[in-house]
Amino acid sequence: MSRDRCGIFGIYAFDENWNVSRFVYYGLVALQNRGQETSGMAVFNGKKVEVLKGRGLAENFFTSSSVEALTGWVGIGHVSPLNPESDDNIQPVCVNGDVKVALGYNGKVLNCNELTGEKVSEDGDPMAIATALAENLKHSDPLEAMEALMEKMRGAYSLVALTDKGEMIVARDPKGIKPLVIGSFGFDHGTVASESAAIDVVGADLKADIMPGEIYVITPYSIERKRVCREEEKYCAFEYVYLCRPDSVINGMSIYEVRMKIGEYLAKEFPVDADVVIGVPETAIPFAMAYSNATGIPIHMGFVRSGRSVRTAIRPTQFERLVGVQLKLNPIRKAIRGKRVVLIDDSVVRGTTTRNIVNLMRNRIGAKEVHVRIGSSRLVSPCPFGVEVPEKDELIAAHLSEEEVSKVVGADTFAWLSLEGMIKAIGLPKNKLCLGCFTGEYPYLEENK
Amino acid sequence: MKVLLVGEGAREHAIADALVRSPQEPRLYAVMGLKNPGIARLCDHTGGEVRLGKPTDPSFVADAAERFSVDFVFIGPEEPQFHGVADEVERRGIPCVGARRAPSEIEMSKAFMRRLMWKYKIPGRLRFMAFKDIDDAIAYIEEYAESVALKPARQAGGKGVKVIADLQAYLKKEKEEVKKKHVKSIVKEHMRPYTDIEDKILIEQKVEGPEYTLQCFTDGRVVKPLPLVQDNKNAYEMDIGPETGGMGSISGPGVTLPFISMEEYRESVEIVQQTVRAIERETGEPYRGIIAGQMMLTALWGPTIIEFYSRFGDPEAVNVLPILETDLVEIAEAIISQSLNKVKLEFRDVATVVKCIAPMGYPNRRDLARGHPIVVEEDRILENGGRVFYGSINSKNGGMITGGSRAAEIFAEAESIPKASEIAEKCISFVYLKDDWKLFHRSDIGSEVLLRERVEIAELIREIYRYRREKGLIGRQIDWIPGRGRIEYEF
């Protein structure tokens, strides 16, 4: 199993009058798209670091009173789509030795065994990193401690840590695989988050991407910033296509703009004569709007969602997945019946979701034709850095041609956006992207071969 | 020709440097609290002298001026003005450049400044409330959840200002809490040393936009503007961190900044001109010295006054004085004789960048920033194309010790701001501490990234205020409050 995508958040008030726990809470709510299984925060109040973490969606796990009970002027938070066996491994993890450190990260460090010299369990990687950092902090300042750790760590990581001296340490891996941004609220707060939308939600202004290989150390009376290593960037392409909120700006690029471009390229590559364009909520909506704009086929609202957005690929079992889709998406019959429909979705992993929707539209509602267009190219490989993509056996794209997929899901035609189209839509040079999920070629792993 | 300079910071070092460049070859004398090595050296070279003591003590300064029988006194900082140093010096028949006690109230009392702008209907004014009492301020905060700037009603060394955007209902409680705590600390901490003003707290409407400083010479009759400068107030990179006196600033090329239009520049000068006239009408005293508008381009007005300085800004002075081609002694004489209209101000047409270097601990923990042995390799800085102006540094027994504020300011000029910034960056490492404490500065000041950001924000703001002008909405703000109905604020 892979370490899934996660969301991290950190806020530093430069005035001790602030209580930041509610800011952390709303930051995490804003990042719920990146993890719904565990939620946690750690807050520093001038004396010690207090931690509140547990299982469940941030909105459910935290309560108004539990958040209010936590007071302090520095805080970090974490949401994860993974359920670790031990509660200790829920992030932020805590190391309680001579130096106390709370740490949360997004990504997957591949060589955790080398960091502590001990065998690290399946979900023990955050603890291993925190332990190694705490060890370094015993005899060096935070910047040196983090720098030394980064020299050893190999893999993808955006991390935020909080020490019992009130130092906040923020770092992004040398290839910048995982996103990480920094913002500011007047003269009062510095804010870091996996996505810029979380910076907006807590009322701060986005200032910059934390650069690949860059460390920020924030203390009550300084911010030190150092780019400790520089390798070729490998920004995760899947973040643009699927993971990030459309209102985020990552690596200087607007996610919304990328997704509109994807819709345009889909229309260019796979036009079809149809009556209506329908996007599957929510990621595919911008694809569908742009497809409609480009082809002139009107877009309609095809589905209404019940409950909150929980990504289908994350739910643990096949049964829950089926239930999830049916509960979540209720079709608007009027928009579909008797029409030739272009159905646009964001990805096809196992094909289950798509088959359900096509079946619903054609057999139960009476769509005349259903043409499926997918706003990402073929997903063929699981991600070693934590994007939650299942093993290869479970990926329909790794096994079947488009024509065969079309038969499996019951559509008239079926197409994935080409890899070239997707790269063009993202707008970054190919060599600056990690395209592993689509090609099977990953940074670090190639070097190891 | 003999001149007595009052003050001890990098701003005064830049003034001293401009004075001694004069073809009239003045002897420079200085009154200061800490012994600024840069100013002390200029006094030495010109055959002048340094007097250590309280620059805010009128008789101490006037005594020094009499003893050295100087031709005029030039006051750098604001506090000596607030204490009536100019009044005392002039009373003894010695001319002075620097506002007297009464006109300097434009900076000393932020409440006076706002009332004056409203009374004389000067454009660029903001809604405000002044409070003498903590409870009244707290009651106001509890009633109105709005985006505000909370300020000590008096200039308090640039400290104690808190600006809070209060737009998310779900974070309102925390923000209200901080606002209330902050007005308490304004009264109990920031305003505590001052008994010379009745108002304690100023609550102003919060405005947004790019800031800039317009510094002017004035003899009370005419106002002669210097090129615009933009200061960067956040302590840390990317505009993050607590408010400082300024961590560095940019100017040029030309009189305006890349994000301020000539029309906005002229409107800004007009605001300062109207203010100078209003001050004289209100106080009955002429304004002779320097006045600076700390301004912001806002959707409300276009050019808007955030604060006034009755002196040069620091670091802003260090951008423009080194490129001043007109003789500063001649300017000073023209201010004194009220013939500034005859002087033509000329500057080298270049871009400049100033970067301040401060010991860690500045601005909130000056106790930690103080007392570190510091080295400035001036030759290496010159070799790399920059210049250094000494700030909060005390010369002691042949060595130099940090004073707790910004220790030194690096000046660089080039054909563009980013190029000047690169030169300044090369010079930074030649200022360092001899112990294991650290210095910091902002490498991002003058960078393309930051400039682009300012330009983008300015373009957005410019579109809105132009639209508001077309619609006749400038100077008006319309609200609807449940239970109270439609409220229109006439500006």
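Here are a few worked exercises on a predicted model with chains A and B.

**Exercise 1. How do helix α5 and helix α6 of chain A pack, and which residues make the contact?**

Step 1: Find the two helices. In chain A, α5 covers residues 125-137 and α6 covers residues 142-152.

Step 2: Look at the geometry. The axes are 8 Å apart, and the packing angle is about 135°.

Step 3: Pick out the residues. From α5(A) come A:Ile129, A:Ala132, A:Leu133, A:Asn136 and A:Leu137. Facing them from α6(A) are A:Pro142, A:Ala145, A:Met146, A:Ala148 and A:Leu149.

Step 4: Sort them by class. This contact of α5(A) with α6(A) has nine nonpolar residues, one polar residue and no charged ones.

**Exercise 2. Now try chain B: at what angle do α1 and α2 pack, and which residues meet?**

Step 1: Locate α1(B) at residues 10-20 and α2(B) at residues 37-45.

Step 2: Read off the geometry. The angle is about 20° and the axes are 9 Å apart. Angles under 35 degrees count as roughly parallel, so that's the term for α1(B) and α2(B). The crossing of these two helices is left-handed.

Step 3: List the partners. B:Glu12, B:His13, B:Ala16, B:Asp17 and B:Val20 of α1(B) touch B:Gly38, B:Ile39 and B:Leu42 of α2(B).

Step 4: Classify them. You get four nonpolar, two polar and two charged residues in the contact of α1(B) with α2(B).

**Exercise 3. Stay in chain B: how do α8 and α9 cross?**

Step 1: α8(B) comes within 10 Å of α9(B), axis to axis, and the two cross at roughly 160°. That makes α8(B) roughly antiparallel to α9(B).

Step 2: Check the residues. α8(B) brings B:Ile134, B:Ala137, B:Ile138, B:Ile141 and B:Glu142. The α9(B) side includes B:Glu176, B:Lys179, B:Lys180 and B:Val183.

Step 3: Count by class. The contact of α8(B) with α9(B) has six nonpolar, six charged and no polar residues.

**Exercise 4. What is found where chain A and chain B come together?**

Step 1: Start with the residues. Chain B gives 32 residues to the contact, and chain A gives 32 residues too.

Step 2: Turn to area. About 2,900 Å² is buried between the chains, with 59% of that from carbon and sulfur atoms.

Step 3: Look for salt bridges. Over all chains there are 69 in the whole structure, and nine are found across the interface of chain B and chain A.

Step 4: Take two pairs. A:Glu68 pairs with B:Lys173, with the closest N and O atoms 3.0 Å apart. A:Glu68 sits in α3 of chain A and B:Lys173 in α9 of chain B, so this pair joins two chains. A:Lys207 pairs with B:Glu453, where the closest N and O atoms are 3.3 Å apart.

**Exercise 5. Which peptide bonds are cis, and where do they lie?**

Step 1: Recall the background: most peptide bonds are trans.

Step 2: In chain A, the bond from A:Pro281 to A:Glu282 is cis, with omega near -5°. A:Glu282 lies in the loop between β17 and α10 of chain A.

Step 3: In chain B, a cis bond joins B:Tyr362 and B:Pro363, with omega about 5°. B:Pro363 lies in the loop between β18 and α13 of chain B.

Technical notes. Residues numbered from 1 in each chain as written. Chains lettered and ligands numbered in written order. Predicted model: local features only at pLDDT ≥ 70, side-chain atom pairs only at ≥ 80, totals over all residues. Heavy atoms only, no water. Axes fitted to C-alpha atoms, helices over the stretch in contact; angles between N-to-C directions. Helix = DSSP H or I, 4+ residues; strand = E, 2+ residues; numbered from the N terminus. Contact = heavy atoms within 4.5 Å. Nonpolar A, V, L, I, M, F, W, Y, C, P; charged D, E, K, R; others polar. Buried area = accessible area lost by both parts, 1.4 Å probe. Salt bridge = Lys/Arg side-chain N within 4 Å of Asp/Glu carboxyl O. Parallel < 35°, antiparallel > 145°, perpendicular 65-115°, else oblique. Left-handed = near helix turned anticlockwise from the far one by under 90°.
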